[in-house]
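Subject: Structure handover

Hello,

Here is the structure I promised to pass on. Please open it first, then read my notes below.

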Amino acid sequence: MSTTLSYTLVITGAPWASQAPQTALAFARAAIAGGHRLDRVFLYGEGVHLASSLCAPPSDEPHWPQQWSDFLSDNQIPAVACVASALRRGLVDEREQNRYQLPAHNLRNPFEIAGLGEWVDGTLKSDRVMYFHGSA
Amino acid sequence: MTTLIVIDQAPYGSWAGREALDMVFSLAAFDQPAALLFTGVGVNWLRTAQSAKGVGQKTVEKNLSAAPLFGVEKIFAEQEACERFMPDTSSRLAGIDLVASVKNLMTQYDHVVFAG
């Protein structure tokens, strides 16, 4: 009997304000190393800050957005930031920049912006949905 | 697949509760069975006659009253927390199912999600 599982990871805690992105990355790496599959990473609420291309921490500190981007690209895992959460918090791609006539866009590659339907899809298709929250 | 969204934070302090409400509305929009549970200080969402103008927000009471219209199947509240925070039953919204055991309720759902 196969024990391989598929996962959707939901991150709601922001980098540096919480340990959620770091813990989720450790889980994601362990899951892939264990032969499991990640269907999607979904950023919600404060978690959307992980997809900002404008984070620039000191060079001797961990760069969680960069580490997540590298992991997602290396493993070809889709990652989505919720559009409503993202717009509230100043995270936009070029399309939303144009739509709202904003002065810049700052969505980090390979993240995409989409709706909660992506999360609903994850709850229906993945074997497990894991949540990484920022607050107790 | 059935989902229970749990709100355990008081309204107005952060947007986490409102965003949890968006999750339950989204499930309902995709015809997925979904319900809400308010626990601990989260039961303060269920007060009647809320006035949020003082904090520059819209009342969450209106959002909640729309839940049945959007297809949210049930709104539950932890009985003990309601008795603690709203001993006067007339100050609670109508149509709420009180639950004595949160644990037992959670076991009835495939998927339980806490507000972030």
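This is a predicted model: local features need pLDDT of at least 70, side-chain atom pairs count only at pLDDT 80 or more; totals for chains, interfaces and linings use all residues.

Chain B has a figure of 72% for its own contacts, counted with a separation of 6 or more.

**Chain A as a whole**

Chain A has five helices and five strands. Along the sequence they follow the pattern β-α-β-α-β-α-α-β-α-β. The C-alpha trace spans about 55 × 35 × 30 Å along its principal axes. How does the radius of gyration of chain A compare with that of a compact globule? For 136 residues, such a globule would come to near 14 Å. Chain A has 15 Å, which agrees. Of its 136 residues, 41% count as buried.

**Chain B as a whole**

Chain B also comes to five helices and five strands. From the N terminus on, its elements run β-α-β-α-α-β-α-β-α-β. Its C-alpha atoms fill a box of roughly 40 × 30 × 25 Å, taken along the principal axes. A compact globule with 116 residues would have a radius of gyration near 13 Å, and chain B has 13 Å, so the two agree. Buried residues make up 39% of the 116 in chain B.

**Where the chains meet**

Next, the interface. On one side, 15 residues of chain A take part; they are in contact with 14 residues of chain B. Which elements of chain A give two or more residues to the side that touches chain B? They are α3 (83-88), α5 (117-125) and β5 (128-132) of chain A. The largest share, four residues, comes from α5(A). By type, the residues on this side of chain A divide into seven nonpolar, eight polar and no charged.

**A helix pair in chain A**

Two packed helices are described by the angle between their axes and the distance between the axes. The pair to look at here is α1 (residues 20-33) and α2 (residues 64-75) of chain A. Their axes come within 10 Å and cross at roughly 20°. Angles under 35 degrees count as roughly parallel, and α1(A) and α2(A) are therefore roughly parallel to each other. The crossing of α1(A) past α2(A) is left-handed.

The residues that make this contact are as follows:

- From α1(A): Pro21(A), Gln22(A), Leu25(A), Ala28(A), Arg29(A) and Ile32(A).
- From α2(A): Trp64(A), Gln67(A), Trp68(A), Phe71(A) and Asn75(A).

The residues of the contact of α1(A) with α2(A) divide into seven nonpolar, three polar and one charged.

**Backbone details in chain A**

Most residues other than glycine have a negative phi, and most peptide bonds are trans.

Start with Gln76(A). It is not a glycine, yet its phi is positive, at about 50°. Gln76(A) sits in the loop between α2 and β3 (79-82) of chain A. Is Gln76(A) buried or exposed? It has 8 C-beta neighbours inside 10 Å, so it counts as exposed.

Gln101(A) has a phi near 50°, again a positive value in a residue other than glycine. Its place is the loop between α4 and β4 of chain A. Gln101(A) is exposed, because 6 other C-beta atoms lie within 10 Å and the cut-off for exposed is 12 or fewer.

Then there is the peptide bond that joins Asn109(A) and Pro110(A). It is cis, with omega about 5°. Pro110(A) lies in the loop between α4 (94-100) and β4 (112-114) of chain A.

**One residue in chain B**

Last, Ser101(B). Where does Ser101(B) lie? It is in the loop between β4 (97-99) and α5 (102-106) of chain B. Ser101(B) has 11 other C-beta atoms within 10 Å, so it is exposed. Its C-alpha atom is separated by 7.4 Å from that of Glu78(B), although Ser101(B) and Glu78(B) are 23 residues apart along the chain.

Best wishes

Terms used: Residues are numbered from 1 along each chain as its sequence is written. Chains are lettered from A and ligands numbered from 1 in the order in which they are written. Two residues are in contact if their C-beta atoms, placed from the backbone, lie within 7 Å. Ala, Val, Leu, Ile, Met, Phe, Trp, Tyr, Cys and Pro count as nonpolar, Asp, Glu, Lys and Arg as charged, and the others, Gly among them, as polar. Axes are lines fitted to C-alpha atoms, for helices over the stretch in contact, and angles run from 0 to 180 degrees between N-to-C directions. Angles under 35 degrees count as roughly parallel, over 145 as roughly antiparallel, 65 to 115 as roughly perpendicular and the rest as oblique. A crossing is left-handed if the near helix is turned anticlockwise from the far one by less than a right angle, and right-handed if clockwise. The radius of gyration is taken over C-alpha atoms; the globule rule is 2.2 Å times the number of residues to the power 0.38. A residue is buried if 20 or more other C-beta atoms lie within 10 Å of its own, exposed if 12 or fewer, and partly exposed in between; C-beta atoms are placed from the backbone.
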